[in-house]
Amino acid sequence: MKPSQLIVYDGTCILCNRFIQFVLKKDKNTHFYFSSYQGLPAEIDQQGLQIDKEESISYLRHGKWHQRSAAVLFIYRDIFGKLHYMQLAWLVPRFIRDFLYDIIAQNRHKWFGKQESCLLPDPAFKARFIG
């Protein structure tokens with residue numbers, strides 16, 4: 001299976017899991033598939049990842065990887081459309097967006113907590129999780 005829209009996240013991070021729950025609730029057309037980086041299958045092509053997947057949310061969107069702030073903004077675009085207010089963040093230079101993203105990413109376990117193991121998906125969404 002090669003999903004066209006795959007979100008790869010830290011399965012032990014509480015903030016990351018909350019974001020995935022938010023995406024699941026808003027994704028009415030079931031475009032997205034999900035995998036924790038801890039369980040990402042080897043057959044998923046990881047060419048194009050700029051930084052370690054452990055350090056950033058990664059979004060495989062139609063064959064191209066996006067990470068850090070770009071991944072979040074593309075996910076929001078694919079859920080809410082190009083006219084959603086979050087798309088204004090594209091006007092902020094990438095180095096500033098990614099700097100802010102990195103601060104949150106580096107402190108996510110300290111600020112939001114960490115699970116000992118990956119959370120299991122709700123049975124209603126189980127088919128959308130790979131790995």
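Okay, let's start with Pro121, which is partly exposed, with a relative accessible area of 22%. Keep in mind as I talk that this is a predicted model. You'll find Pro121 in the segment after α3, the helix covering 94-112. What does Pro121 touch, if we leave aside its neighbours within four places in sequence? Its contacts are Lys126 and Phe129. For a sense of distance, pick out His66 as well: Pro121 and His66 are 55 residues apart in sequence, and their C-alpha atoms are 23 Å apart in space.

Now let's go over to Asp27. Asp27 sits in the loop between α1 and β2. Is Asp27 buried or exposed? Its relative accessible area is 5%, and the cut-off for buried is under 20%, so Asp27 is buried. Not counting residues up to four places away in sequence, Asp27 touches Phe32 and Arg128. Compare that with Leu40: Asp27 and Leu40 are 13 residues apart in sequence, yet 21 Å apart in space, going C-alpha to C-alpha.

Stay in that loop for a second, please. Thr30 is also found between α1 and β2, where β2 is 33-36. Thr30 has a positive phi of about 50°, and it is not a glycine. Why point that out? Because most residues other than glycine have a negative phi. As for the surface, Thr30 has 45% relative accessibility, so it counts as partly exposed.

There's another residue like this, His62. Its phi is near 50°, again a positive value in a residue other than glycine. Where is His62? Look in the loop between β3, which is 58-61, and β4, which is 64-67. His62 comes out at 56% relative accessibility, and because the cut-off for exposed is over 50%, His62 counts as exposed.

Which residues make the contact? On the α1 side we have Phe19, Phe22, Val23 and Lys26, and on the α2 side Ile75, Tyr76, Ile79 and Phe80. Sort the residues of this contact by class and you get 7 nonpolar, no polar and 1 charged.

Some of those names come back when we look at the rings. How many aromatic pairs does a search of the whole structure find? It finds 8. Let's take one of them, Phe22 with Phe80: the ring centres are 6.3 Å apart and the planes are at 45°, so the pair is tilted. Phe22 lies in helix α1, residues 14-26, and Phe80 lies in helix α2, residues 68-80, so this pair ties together parts that are 58 residues apart in sequence. Both rings belong to a cluster, too: ring pairs link Phe19, Phe22, Tyr76 and Phe80. How open are the two partners? Phe22 counts as partly exposed at 25% relative accessibility, and Phe80 is partly exposed with a relative accessible area of 32%.

On to α2 and α3. Here the packing angle is about 95°, with the axes 7 Å apart. The range 65 to 115 counts as roughly perpendicular, and therefore α2 and α3 are roughly perpendicular to each other. From α2, Arg68, Ser69, Ala70, Val72 and Leu73 meet Arg94, Arg97, Asp98, Tyr101 and Asp102 in α3. By class, the contact of α2 with α3 has 4 nonpolar, 1 polar and 5 charged residues.

Last pair: α1 and α3. Their axes come within 8 Å and cross at roughly 100°. That makes α1 roughly perpendicular to α3. The contact is made by Ile14, Leu15, Cys16 and Arg18 of α1, together with Ile104, Arg108 and Phe112 of α3. This contact of α1 with α3 divides into 5 nonpolar, no polar and 2 charged residues.

Then find the ring cluster of Phe19, Phe22, Tyr76 and Phe80.

Note on methods: Residues are numbered from 1 along each chain as its sequence is written. This is a predicted model: local features need pLDDT of at least 70, side-chain atom pairs count only at pLDDT 80 or more; totals for chains, interfaces and linings use all residues. Side-chain values use heavy atoms; hydrogens and water are left out. Rings of Phe, Tyr and Trp (its six-membered ring) pair if their centres lie within 6.5 Å; planes under 30 degrees apart count as stacked, over 60 as edge-to-face and the rest as tilted. Helices (H or I, at least four residues) and strands (E, at least two) are DSSP runs, numbered from the N terminus. Buried means under 20% relative accessible area, exposed over 50%, partly exposed in between (1.4 Å probe, protein chains only). Contact means heavy atoms within 4.5 Å. Axes are lines fitted to C-alpha atoms, for helices over the stretch in contact, and angles run from 0 to 180 degrees between N-to-C directions. Angles under 35 degrees count as roughly parallel, over 145 as roughly antiparallel, 65 to 115 as roughly perpendicular and the rest as oblique. Ala, Val, Leu, Ile, Met, Phe, Trp, Tyr, Cys and Pro count as nonpolar, Asp, Glu, Lys and Arg as charged, and the others, Gly among them, as polar.
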